[in-house]
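Have a look at the model first, and then we can read it piece by piece.

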Amino acid sequence: MARIIDGQDMNMIGDRIRQLRMERKLSQQKLSDKLEVMAIYICRGSISRIEEKRRTVTDIELYGLAQVLGVSISDLFEPPQE
């Protein structure tokens, strides 16, 4: 089965997640903890792999990440601001 995205990257939002998390002064662990309150279980190591684009993201995880970071889902697909 063909992959939706080309190359080695396993998601399109890793850079943006890292940027938004850092802007909000959240550690990877704190982001994981906030997601857990929503019953979305992404451990700190998985947050790291998402940010490094070495892990896919499910729709539920995408929703939770947008909620915790205070942005719309579409904002997660914006390129990081420099």
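A salt bridge here is a side-chain nitrogen of Lys or Arg within 4 Å of a carboxyl oxygen of Asp or Glu. Keep in mind that this is a predicted model, where local features need pLDDT of at least 70, side-chain atom pairs count only at pLDDT 80 or more, and totals for chains, interfaces and linings use all residues. Residues are numbered from 1 along each chain as its sequence is written, and side-chain values use heavy atoms, with hydrogens and water left out.

Side chains of opposite charge can pair when their charged atoms come close. Helices are DSSP runs of H or I with at least four residues, strands are runs of E with at least two, and both are numbered from the N terminus. Arg21 is buried at 9% relative accessible area, and Glu51 is buried at 1%. Buried means under 20% relative accessible area, exposed over 50%, and partly exposed in between, using a 1.4 Å probe and protein chains only.

By this rule the salt bridges number 7. Another of them joins the side chains of Asp9 and Lys53, at 3.8 Å from N to O. Asp9 lies in the segment before α1 (14–23) and Lys53 in the loop between α3 (44–51) and α4, so the pair ties together parts that are 44 residues apart in sequence. Asp9 is partly exposed, at 35%, whereas Lys53 is buried, at 16%. Arg54 also forms a salt bridge, with Glu52, and their closest N and O atoms are 2.7 Å apart. Glu52 is partly exposed at 39% relative accessibility.

Now step back to the whole chain. It has 4 helices and 0 strands, in the order α-α-α-α from the N terminus. Its radius of gyration is 12 Å, close to the 12 Å that the globule rule gives for 82 residues, so the chain is as compact as a globular protein of that length. That radius is taken over C-alpha atoms, and the rule is 2.2 Å times the number of residues to the power 0.38. Of the 82 residues, 40% count as buried.
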